[in-house]
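Here's a quick briefing to read alongside the model. Have the structure open while you go through it.

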Amino acid sequence: MAARQFFPHQRHSLMSLRFILLLSIGTMLACSTTDFSTVADPLPPPPHPAMGWSTWYGFQTHISDSLIRQQAEAMLANGMRQAGYEYVNIDDGWQGYRDVNGFLHPNSNFPDMKALGDYLHSLGFKFGIYTSLGRKSCDGLVGSFGHEAQDAQTFIDWGVDFVKYDLCYLDAGETAPSLVGKMSTALRKNEKHPVVLSIVVLSEPWRWAPRLAVNMWRIAPDETGTYKNMLRIADADARLALFASGVGWNDPDMLLVGAGGLTLDENRTQMTLWAMLSAPLISSTDLLHLGPSQLEVLTDPHAIAVNQDPEVQPATIVKQGLVDVWRKRLAEGWAIAIINRRTEPVTYFLDPSDFNLQTSVAYEIWTKQTVTLPSSITVAGHGCVFLKTL
Ligand code: GLA
C-alpha cells in the first residue's frame, strides 16, 4: 500500500464549520440533562500523558493489518517504543459492517483484530482503536450509536487498550456527554483491563469529561499542518492548564513531526510545546519515511521527561512580547521554553529572576548545551529554546 502523508486541507473548512456547529450545539447539550450517576468508579488513570502512534495523519483511511504491523515493527527498530511510545492506534478506516446481531466487524483489510492485538501486545505495545459516538464515523463508516456497550465488549474481547471516541453524525436530541458516559461505563465494567478513553467532543469537554472517567479530551479542531494553526492550538491549551491533571489530559491533537510541511525548527517547537503542556504525545506520520532529525525530535529523552514529569503541572505563559516565555514546574526544578513566532531570528535577554526563578544554570535540550543565566539567547525564526534548570 502506498504511504501517503495526509493533510486534510480539503476537509479544513468543513471541519471548521463542523467545529463551530458542534461547539454551539454541544455546549447547549452538555449543560442539559446529563446523568453522571450511571458511570462506574474509574480505574486508576494512566499517571502520565499517553504516548503512542496513530494512523490518521500519515495514512488517513488507507490502512490495513499489515500496515499496522509494519509501523509497529518500525517503532521497535527506530527506538520509539523504547523512548516511551506505547499505544498503536488504528484511527478511522478499519470498520466494515454491523451484523444482524449488532456486532461490529472490521473490513477485509483487517482479517482478525484479536490476532492483530495479540501481535502488538507480543511486541510490547498497547492496542488502540477508533469509533464514533454517532451513527457514522467522521469518514462515513459505521459508528457506535445505540451499540455502545456491545462495541465496548467487542473491543475488550479484541484486547483493545485505548478507545478514541469521535463525534460525528450525532442524532438530534442526543447529548455527547450521555453517550460518552455509556461508553465509559461499558469500558470500565471490565475491571481487570484498563482502557484509555480519548474523546473528540468539542463542547468544552474539560468541564465534564473528567467526571465520566475520560482520560483525554480534544481541546480544538484537527490540525491543518501549519505553524500558525499549531501555535493557535497550543495557546488555547495553555489557557486550560488548570483542567489537566492526573485524572485526564487536555489533548491538542497529534504530533505532526514527519507529517505535513513543518520545518525542523517548527517540529522542535511542537515537541517543546506539547511537552510543556503535558499533552498526550501521539505521533502520526509514516514511520518508514521518518528522517533522522525528525526521529531525534520525537525521541529526545529530555523533552519526553518534561512531558511525563511526575509533578503533572502543565505550563503557563509567563511573558508575551518579542518572544513568548512558557514556564512549567517539574518535580525537580523548572522547564522554560522561549518561543519565537517571527520568521526571523530574535535575540532575547533571559533573566530567570524576571519570572521568580532562582536559577543560574540550565540545560538547553535541542542544542544539548549548558547555559549560564542570565544570558542573551538567540532563538531561530519559528524556533524555540527549551531549557531545564539544573
Ligand atoms: C476527526 C478527528 C480526527 C480523525 C478523523 C477520522 O476529524 O478529529 O482526529 O480521527 O475524524 O475521520
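Leaving aside its neighbours within four places in sequence, which residues is Val142 in contact with? Gln95, Gly96, Tyr97, Arg98, Leu104, Arg135, Lys136 and Ser137 are the ones, where contact means heavy atoms within 4.5 Å.

Some ground rules before the rest. This is a predicted model, so local features need pLDDT of at least 70 and side-chain atom pairs count only at pLDDT 80 or more, while totals for chains, interfaces and linings use all residues. Residues are numbered from 1 along each chain as its sequence is written, and side-chain values use heavy atoms, with hydrogens and water left out.

**Around Val142**
- Val142 sits in the loop between strand S5 (126–132) and H6; helices (H or I, at least four residues) and strands (E, at least two) are DSSP runs, numbered from the N terminus.
- Val142 and Gly96 are 46 residues apart along the chain, yet 7.2 Å separates their C-alpha atoms.

**The ligand**
- There are 15 residues around the ligand, and Asp91, Asp92, Lys164, Asp166 and Asp222 come nearest; a residue is near a molecule or strand if one of its heavy atoms lies within 4 Å of it.
- Lys164 places a polar side-chain atom 2.7 Å from an oxygen atom of the ligand.
- For Asp166, the distance from a polar side-chain atom to a ligand oxygen atom is 2.8 Å.
- Asp222 has a polar side-chain atom 2.5 Å from an oxygen atom of the ligand.

**H6 against H7**
- Two packed helices are described by the angle between their axes and the distance between the axes.
- Helix H6 (residues 148–158) packs with helix H7 (residues 176–188) at an angle of about 40°, and their axes are 8 Å apart. Axes are lines fitted to C-alpha atoms, for helices over the stretch in contact, and angles run from 0 to 180 degrees between N-to-C directions.
- That angle makes H6 oblique to H7: under 35 degrees counts as roughly parallel, over 145 as roughly antiparallel, 65 to 115 as roughly perpendicular and the rest as oblique.
- H6 brings Glu148, Ala149, Asp151, Ala152, Phe155 and Ile156 to the contact, and H7 brings Leu179, Lys182, Met183, Ala186 and Leu187.
- By class, the contact of H6 with H7 has 8 nonpolar, no polar and 3 charged residues. Here Ala, Val, Leu, Ile, Met, Phe, Trp, Tyr, Cys and Pro count as nonpolar, Asp, Glu, Lys and Arg as charged, and the others, Gly among them, as polar.

**H9 and its partners**
- Helix H9 (residues 264–276) and helix H10 (residues 292–299) pack at about 15°, with axes 9 Å apart, which makes H9 roughly parallel to H10.
- Leu264, Asn267, Arg268 and Met271 of H9 meet Ser293, Gln294, Val297 and Leu298 of H10.
- The contact of H9 with H10 divides into 4 nonpolar, 3 polar and 1 charged.
- On to helix H8 (residues 227–238): the axes of H8 and H9 come within 11 Å and cross at roughly 10°, so H8 is roughly parallel to H9.
- The H8 side of that contact is Tyr227, Met230, Leu231, Ile233 and Ala234, and the H9 side is Glu266, Thr269, Gln270, Leu273 and Trp274.

**Backbone spots to check**
- The peptide bond from Leu373 to Pro374 is cis, with omega near 0°, and Pro374 falls in the loop between strand S16 (369–372) and strand S17 (375–379).
- Gln60 isn't a glycine, but its phi is positive, near 55°; Gln60 is in the loop between helix H2 (56–59) and helix H3 (65–77).

Terms used. Polar contact = N/O pair within 3.5 Å; in protein donor to acceptor, adjacent residues only side chain to side chain.
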